[in-house]
Amino acid sequence: MKKTLEDLDFNNKKVLVRCDFNVPLISGEISDDNRIIQALPTIKYLIEHKAKIVLCSHLGKVKNEEDKLDKSLIVVAQRLRELLNQDVIFINETRGFKLEKGINNLKEGQVLLFENTRFEPLETKNDPELAQYWGSLVDLFVLDAFGSSHRAHASTTGVSKYVKDSCVGLLIEKELAILGKALSNPRRPLVAVIGGAKVSEKIGVIDNLLKIADKIIIGGGMAYTFLKAQGYEIGISLCEDDKVALAQEYLTKAGDKLVLPLDSVCATTFSNDGFVGTFSNEIMKEDLMGLDIGPLSIDCFKAILKDAHTVIWNGPMGVFEMDNYAKGTEAICECIANLKDATTIVGGGDSAAAAKKFGYTDKFTHVSTGGGASLEFMEGKKLPGIESIANK
Ligand code: ADP
Ligand code: MG
């Protein structure tokens, strides 16, 4: 078990908190502040416990000087001031005198945010000198960036070695508790709904869930590799030919634990206008592509979901970004969200976006903040950031 906030004494201590403030920006404005909101409980806890709080995060990908122009965390500092209703000192540097002075002048309960950790080219290399430098600025380290905890970077994984003590924050504690219980000790039946574009991206998840789940429903683009393995015509639907044999292997191994779509909403081109109609697996045509699950599949999947006591949903059932192919994802999302006696979890960035688009975010037990991180957790992998934190 990793140390949590309760295990450390923060009174009058300088504390570095690695948050996940990697928010989407549209023309320089934050379009979704969920990740900032999810970071608040830990920050508020530290304010109440009289810490001197130093926040850091990455924002986007930074490959060159030009990338830095629109990747400053200054917009996050402004949003934090509004949400915390107190000043947040922003230091537009990632190292140096200004940052050190800012931290050393902090009073109990004050909050400072420094610039995008990826402005340091060696951040993503988990450079020990950089990690040691950031660690040297503070007494304690709190990792609360669940969405970055699968990355072995200086600010997520490196720092903890160079501070007196470390722990995970409240967001990570919550993510680990809910995802961890669903995978290790779920209320059964546990039904996993896996979708999205590619089998290759979800092989690890399918592998791990085959060991754990009672049923695995497969939809989305990746279903066609499985349908091809079953011998169906799949037309010009998404298919990974080099994964057909593996899909076949899963089908043989899993038997009726794996559930596939019975019909598809099809198009001639990958566009909303290419819409043609619904075709069952048996009458699928060679010049069509399946872009959503059809009504027979929706009914079949709903019948399985209605008895579930735990549901893990990872991956949309179709191209929900286009209106003609959104019904399958919306119906399954609605069905899971409305289950009365079930723990319902959304993992995966696009699935979370779909839940939001269709208005069901609040009806799930938990919408994970970690796209890639929750995926790796569901694969049963250890997350290096979390591993680096001190044990209880
Ligand atoms: P998540 O982020 O929730 O893990 P993925 O990234 O695996 O989900 O997949 C999401 C993408 O899969 C969406 O952009 C969606 O348009 C696409 N997708 C779903 N079904 C199909 C399909 N039948 N054909 C092509 N793309 C699809
Ligand atoms: Mg995705």
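In the predicted model, Thr-4 is buried, with a relative accessible area of 8%. This residue belongs to the segment that precedes strand S1 (14–18). Beyond residues up to four places away in sequence, Thr-4 touches Cys-167, Val-168, Glu-173 and Lys-392.

Two of these contacts, Cys-167 and Val-168, belong to strand S8 (residues 165–168). Every residue of S8 named here is buried: Asp-165 and Cys-167 point one way from the strand, and Ser-166 and Val-168 point the other way. Strand S7 (residues 140–143) pairs with S8 in the parallel sense, over four bridges. Within this pairing, Val-142 has Cys-167 of S8 as its bridge partner.

The C-alpha atoms of Cys-19 and Ser-149 are 9.9 Å apart in space, although the two residues are 130 residues apart in sequence.

Helix H4 (residues 128–136) has Leu-130, Ala-131, Tyr-133, Trp-134 and Gly-135 as its buried residues. The elements that cover them include S1, helix H3 (97–104), strand S6 (111–114) and helix H5 (154–158).

An open sheet of six strands, with parallel pairing, has the order S11-S10-S9-S15-S16-S17. Strand S11 (258–259) and strand S17 (366–367) stand at the edges and have a single partner strand each, so one side of each is left without a neighbour in the sheet. Further in, strand S9 (residues 190–194) and strand S15 (residues 310–314) run parallel and are joined by five bridges. In this pair, Ala-192 stands opposite Ile-312 in S15. Helix H12 (residues 349–357) packs on the sheet and touches S15, strand S16 (343–346) and S17. The direction of H12 makes about 105° with that of S15. Helix H10 (residues 295–305) lies across S9, strand S10 (215–218), S11 and S15, and runs at about 155° to S10.

H10 also packs against helix H11 (residues 327–337), at an angle of about 15° and with the axes 10 Å apart. H10 and H11 are therefore roughly parallel to each other, and their crossing is right-handed. On the H10 side the contact is made by Ile-298, Phe-301, Lys-302 and Leu-305, and on the H11 side by Lys-327, Gly-328, Ala-331, Ile-332, Cys-335 and Ile-336. By class, the contact of H10 with H11 has seven nonpolar, one polar and two charged residues. Residues three or four places apart in an α-helix point the same way, because there are 3.6 residues a turn.

A further helix pair is formed by helix H6 (residues 170–184) and helix H13 (residues 371–378), whose axes come within 10 Å and cross at roughly 30°. H6 and H13 are therefore roughly parallel to each other, with a right-handed crossing. The contact involves Leu-176, Leu-179, Gly-180 and Leu-183 of H6, together with Ser-374, Phe-377 and Met-378 of H13. Five nonpolar and two polar residues make up the contact of H6 with H13, and no charged residues are present. The buried residues in H13 are Ala-373, Ser-374, Leu-375, Phe-377 and Met-378. Their cover includes H6, helix H7 (199–212) and S15. After H13 comes Gly-380, with a positive phi near 85°.

Several backbone features remain to be described. Most residues other than glycine have a negative phi, and most peptide bonds are trans. Asn-12, a residue other than glycine, has a positive phi near 65°. Asn-12 is found in the segment before S1 and, at 41% relative accessibility, counts as partly exposed. Lys-50 also has a positive phi, near 60°, and is placed in the loop between helix H1 (34–48) and strand S4 (52–56). At 42% relative accessibility, Lys-50 counts as partly exposed. The peptide bond from Arg-188 to Pro-189 is cis, with omega near 0°. Pro-189 is found in the loop between H6 and S9.

Key:
Residues are numbered from 1 along each chain as its sequence is written. Chains are lettered from A and ligands numbered from 1 in the order in which they are written. This is a predicted model: local features need pLDDT of at least 70, side-chain atom pairs count only at pLDDT 80 or more; totals for chains, interfaces and linings use all residues. Side-chain values use heavy atoms; hydrogens and water are left out. Two strands pair if DSSP finds at least two bridges between them. Helices (H or I, at least four residues) and strands (E, at least two) are DSSP runs, numbered from the N terminus. Contact means heavy atoms within 4.5 Å. Axes are lines fitted to C-alpha atoms, for helices over the stretch in contact, and angles run from 0 to 180 degrees between N-to-C directions. Buried means under 20% relative accessible area, exposed over 50%, partly exposed in between (1.4 Å probe, protein chains only). Angles under 35 degrees count as roughly parallel, over 145 as roughly antiparallel, 65 to 115 as roughly perpendicular and the rest as oblique. A crossing is left-handed if the near helix is turned anticlockwise from the far one by less than a right angle, and right-handed if clockwise. Ala, Val, Leu, Ile, Met, Phe, Trp, Tyr, Cys and Pro count as nonpolar, Asp, Glu, Lys and Arg as charged, and the others, Gly among them, as polar.
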